[in-house]
Amino acid sequence: MGIREFPGGAPRGKSIAVGMRRSPDVSPRRLSDISPQLRQLKYLVVDEAIKEDLKWSRSVEDLSSGPLGLTSIEERILRITGYYGYQPWAASYKREERPRDSPGPAEAQAPAGAEAGGRTSHPCWRCSRAQLKKMFWGVAVVLCVCSSWAGSTQLAKLTFRKFDAPFTLTWFATNWNVLFFPLYYVGHICKSTEKQSVKQRYRECCRFFGDNGLTLKVFFTKAAPFGVLWTLTNYLYLHAIKKVNTTDVSVLFCCNKAFVFLLSWIVLRDRFMGVRIVAAILAIAGIVMMTYADGFHSHSVIGIALVVGSASMSALYKVLFKLLLGSAKFGEAALFLSILGVFNILFITCIPVILYFTKVEYWSSFDDIPWGNLCGFSVLLLTFNIVLNFGIAVTYPTLMSVGIVFSVPVNAVVDHYTSKIVFNGVRVIAIIIIGLGFLLLLLPEEWDVWLVKLLTRLKVRKKEEPAEGGADPGSGAQSKARRARPSFAR
């Protein structure tokens, strides 16, 4: 490439030399009639304003499609005049003379069909491998969330046959939250390249509470309220298991997603979405139908009210956390949950003691306590919270929420073989409605834009298919030949 001179000797503006080579197999026709025009075409400089004015013209769009900008015009003129031996991809200029930022001839001249169907580059393969890995971890996380949540619910139901103390069970399981930060630090030591001491990591995570770190005032104003909400959420859920079956409890607890949306819309001024309002209405309708399924008996109504209260406390916990503390990193979340465990040990321990001596939650001797069930329930609940809080590091958050929905059919199968639950039409419809509302709440905020784009692409493809089917066979053969040519370029 360079500045060429006319036979007169004076240089004439900037020029781009595009090499043309004739095919040895085809005898080309003479171009003596248009040789002056072709010579001037090599020195053509297209003004940017003209490009802008005629940007919808196909010939002007081709100005920037070929290598160095002019190959498509030359190819079109040579094809019209009968110069069939012209091969635009076989440029005569040397590879080392091309600028590094300009695309190669085969890349620039590749038609749309080859571009759409032949993108098998290594970066795309890496991207697809990463997505497959994330989906694989997503399946593992869904199974872990589903099994841990359903398992803890069923084990709690089994525990109450011998140990009728839901608040004591809540207190015992919450104490295990102290293990969150130690487990996180072990993972930090194993995975992180810059290893920090426990004290350094603790101080860095304490910045989540402010510049002064975790002070006594911060502990009582920002940690204690969430400790109370955490205890109420778990206690109401466990107390409801005593009243109604685990299937109803698990499906009604899914309504907390609808309550989170309503509270976020009111308190946090989140974006209004009609589909989520529909999901909230479905959740409320499902609650009413679930109550009607048992005939509005006082026993079932109290149990359903307890589950709805537990879901409401869970939603309030999440919304207040976002309002007061914002978003937390993994280490900060682990420290916060460990602090909730410390708060439970220091300030909630007195309540089970009072309930024991007042014989509200009384057991005859400590030897009769099913320690295996208590520890198993605590481990499963701890696993569920760990996966739910830290699973976002390996997969999509939506998949973790799907795991909670999948726990409903698991509990239904277990209840079918272990209890006297009756799956009448009203109960089944209520379960389906609440599950559908939960899934609607998982839709992203831009779901309507994506849906419109998908429908537009489908319409465009339907229009293109008849156009391709009705094209001239001769032109189709020529286009296929042109599509096949770039694959021989090296």
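Start with the core. The largest nonpolar core holds 93 residues, and Leu238, Leu252, Tyr317, Phe336 and Phe377 have the most contacts inside it. Helix α11 (residues 216-243) gives this core its largest share, 12 residues. A nonpolar core here is a set of buried Ala, Val, Leu, Ile, Met, Phe, Trp, Tyr and Cys residues joined through side-chain atoms within 4.5 Å. Buried means under 20% relative accessible area, exposed over 50%, and partly exposed in between, with a 1.4 Å probe and protein chains only.

Before going on, note what is on screen. This is a predicted model: local features need pLDDT of at least 70, side-chain atom pairs count only at pLDDT 80 or more, and totals for chains, interfaces and linings use all residues. Residues are numbered from 1 along each chain as its sequence is written, and side-chain values use heavy atoms, with hydrogens and water left out.

**Zoom out to the whole chain**

Color by secondary structure. The protein chain has 22 helices and 0 strands. Helices (H or I, at least four residues) and strands (E, at least two) are DSSP runs, numbered from the N terminus. Of the 490 residues in the protein chain, 40% are buried. Among contacts between residues at least 6 apart in sequence, 79% join residues at least 24 apart. Contact means heavy atoms within 4.5 Å.

**Select Leu252**

Leu252 touches Ile287, Met290, Ile304, Val307, Ala311 and Ile434, leaving out residues up to four places away in sequence.

**Select the largest pocket**

The largest pocket has a volume of about 1800 Å³. Of its 46 lining residues, Lys257, Val260, Lys318, Leu388 and Asn389 are the closest to its centre. The search uses a 1 Å grid over the protein atoms alone: a cavity is a set of points where a 1.4 Å probe fits but cannot get out, a pocket is an open set with protein on both sides within 12 Å along at least five of seven lines, and lining residues have an atom within 4 Å of a point. Grid points are joined across faces, edges and corners, and a volume is the space filled by probe spheres set on the points.

Now color the pocket lining by helix. At least two lining residues come from each of α11, α13 (256-267), α15 (298-324), α16 (330-348), α18 (371-390), α19 (397-418) and α20 (425-441). The largest share, 6 residues, is from α15. By type, the pocket lining has 27 nonpolar, 11 polar and 8 charged residues. Ala, Val, Leu, Ile, Met, Phe, Trp, Tyr, Cys and Pro count as nonpolar, Asp, Glu, Lys and Arg as charged, and the others, Gly among them, as polar.

**Select the cavity**

The structure holds 1 cavity of 30 Å³ or more. About 50 Å³ of space lies in the largest cavity. Two or more of its lining residues come from each of α7 (122-159), α11 and α18. Select Trp149, Ser152, Thr153, Asn234, Tyr237, Leu238, Phe377 and Leu381 to see the lining of the largest cavity. That lining divides into 5 nonpolar, 3 polar and no charged residues.

**Select helix α8**

Hide the surface and pick residues 166-175. Helix α8 is largely enclosed by the rest of the structure, because 10 of its 10 residues are buried. Trp171 and Phe172 are among them.

Ser338 sits in helix α16. Ser338 is buried, at 7% relative accessible area. Its C-alpha atom is 5.1 Å from that of Asn177, 161 residues away along the chain. Beyond neighbours within four places in sequence, Ser338 is in contact with Asn177, Val178, Leu179, Phe180, Phe181 and Pro182.

Next, go to Asn385 in helix α18. Asn385 is buried, with a relative accessible area of 10%. Asn385 touches Phe180 and Trp230, not counting residues up to four places away in sequence.

**Finish in two loops**

Ser419 lies in the loop between α19 and α20. At 32% relative accessibility, Ser419 is partly exposed.

Last, select Lys359, in the loop between α17 (350-357) and α18. Lys359 is exposed, at 60% relative accessibility. Check its backbone: Lys359 has a positive phi of about 60 degrees although it is not a glycine. Most residues other than glycine have a negative phi.
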